[in-house]
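I opened this model to look up helix packing, ring pairs and backbone angles. My entries follow, in the order in which I made them.

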Amino acid sequence: MYKNEFTGKIKNYIRIKKEISMNRTVDTSNANKTNLKKYQELGMKIKSKPFKRYYKSGLLDNLDIDYVNSVRDYWKLHYNEEIDPVLNLAFKNLTGNENSRVVPGPVMWKELIPYFNDMDIRAGYSDKNIYDSLIKTERAVKIILKRVRGTYFNSNNESLTKDQALNELLSKKQDYIIKPSRTDNGKGIAKLNYENEMITLKDKKVSMEELEDLYGLDFVVQDVIKQHPVMGDPHPSSVNTLRMVTLRWKNEVRYLLSFARFGANNAVRDNAGTGGVCVGITDDGKFMDYAVDEHTNVYTHHPTTNYAFAEHAQIPNFDKFKEYVIGLHKQILHHDFISWDIAVGEDGLPVFIELNFRGATWLYQLASQRSLFGDLTEEIIEQVRDEKLDKQSKASTTPEITKLKRDHKKLKADNKKKQEEILQLKEENRNLTINNSKIETKLISTENELKKHKKELNKLLNSTSWKLSKPVRLFGKIKK
């Protein structure tokens, strides 16, 4: 009963949101500033792309302040950072579930993925032309032709001339998938058709020179996978895949989550970033009730074929798919967080297509309706937090910092010594000033006494008795 009620709410939600989101934008006029300020006060960056995305699709309409604050408290406690809780709010409004463990996109992209994966060598691992050497599995999409740095190679990695490369394609008399070998997210994927002894692209004959102009020095041509009806029925024009995520943690590779990706508008590509939709997969391999696209629009039915996701089609042998990607991950040593693109073959078994070391993890969590790390979340983010703090602490004791601290200590001691010398000189100067004052006082006193004596002498010399006694003084001198 609850499930039917929730499905009904989702359908009603989708109907309403489609009506209001067609021309909706983030209104930053004065009339709406008060409303936006509420989001801003809760730590949301209202000018960011994620905020505008969720706002436009209506996933921020129900602003649960208590829940948002609990999310912020959770991440402050376990990760020691203030985070933007906009994804958590969107997640709650989409799924109806409160989940503080949902990992914010910027935290995952800027901090956790670089923690898990060696980003310095990501480009090498990502080159689709080395998958046959990197990934040892019999169940992988077959490579027909490679172009690596301008040189052609066949499936046995034997170099070919341009004419031999064309003959390699023509000799098999079949259709192919062509894609750039050093990009991801479905960029440049197209279908090559074999028609009347020639290769065509979008119903036009195409030469090797034209393919080189379109795809450059590095591209790969692969077999077209024949997929199982469970993946083909929602959108037959594209090879639809499972995005499956694994994590190496504490010496064990673990399965995290999956969602199915379906193309739209009869396109070859299945990526949400190229117009497709994503449907969560339960742990037993069933489709969830609804899909989302890259704009977080919600669909109970496929937008092109009207396929009903709520019929809950099931991926056959899904446990084998989980075991398969875990086994593949054990071959990759430099990266602990991997997203796998896996097709469902006609026989109902997994087929490896490619691997990714980053990904739009915000979409992963919305599509699969679960947090990325589940019960491991606290353990993971606390360890990353502690190691980051420890690294910062060690950085403060590097040789350069130690030398600066030593120099600072020496300068501080020298400064103290100089201050003491200044105080001593000031004391000596004060004493000299006092002594000088005493000397000046004594000098003035002596001068005053001298003046007094001189005055008395002049008085004596000018007296009558001194004048009358002059003959007596002269007689005394003569007698001598």
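I began with Tyr115, which is partly exposed at a relative accessible area of 29%; buried means under 20%, exposed over 50% and partly exposed in between, with a 1.4 Å probe and protein chains only. I note that this is a predicted model, where local features need pLDDT of at least 70, side-chain atom pairs count only at pLDDT 80 or more, and totals for chains, interfaces and linings use all residues. Residues are numbered from 1 along each chain as its sequence is written, and side-chain values use heavy atoms, with hydrogens and water left out.

Next I checked Phe116, which counts as buried at 3% relative accessibility. For ring pairs I used the rings of Phe, Tyr and Trp (its six-membered ring) with centres within 6.5 Å; planes under 30 degrees apart are stacked, over 60 edge-to-face and the rest tilted. By this rule I have 21 aromatic pairs. One of them is Trp75 with Tyr79, edge-to-face at 5.9 Å centre to centre and 80° between the planes. Both residues lie in helix α4 (residues 65-79), four residues apart, about one turn of the helix. Helices here are DSSP runs (H or I, at least four residues), strands likewise (E, at least two), numbered from the N terminus. Trp75 and Tyr79 are both buried. Tyr115 and Phe116 also form an edge-to-face pair, with 5.5 Å between centres and 75° between planes. Ring pairs join Tyr115 and Phe116 with Trp249, Phe337 and Phe373 in a cluster.

**Helix α6 against α14**

At what angle do the axes of α6 and α14 cross? I read roughly 90°, with the axes of α6 (residues 105-116) and α14 (residues 377-395) coming within 11 Å. The axes are lines fitted to C-alpha atoms, for helices over the stretch in contact, and angles run from 0 to 180 degrees between N-to-C directions. I therefore log α6 as roughly perpendicular to α14; that label covers 65 to 115 degrees, while under 35 is roughly parallel, over 145 roughly antiparallel and the rest oblique. From α6 the contact uses Glu111, Leu112, Tyr115 and Phe116, and from α14 Ile380, Ile381, Gln383, Val384, Glu387 and Lys388. Contact means heavy atoms within 4.5 Å.

I looked up Lys322, which lies in helix α12 (residues 318-329). Lys322 is buried, with a relative accessible area of 15%. Leaving aside neighbours within four places in sequence, Lys322 is in contact with Met244, Tyr255 and Asp283.

Arg53 lies over the face of Trp362, at 3.8 Å from the ring centre. The rule I used puts NZ of Lys or CZ of Arg within 6 Å of the ring centre and within 35 degrees of the ring normal.

**Positive phi**

Which residues of α9 are buried? In α9 (residues 162-171) I noted Ala165, Glu168, Leu169 and Leu170 as buried. Just after α9, Lys173 takes a positive phi of about 50°.

Asn157 is not a glycine, yet has a positive phi of about 60°. I found Asn157 in the loop between β2 (151-154) and β3 (159-160), and at 36% relative accessibility Asn157 counts as partly exposed.

My last entry is His312, another residue other than glycine, with a positive phi near 60°. His312 sits in the loop between β13 (298-299) and α12, and at 22% relative accessibility His312 counts as partly exposed.
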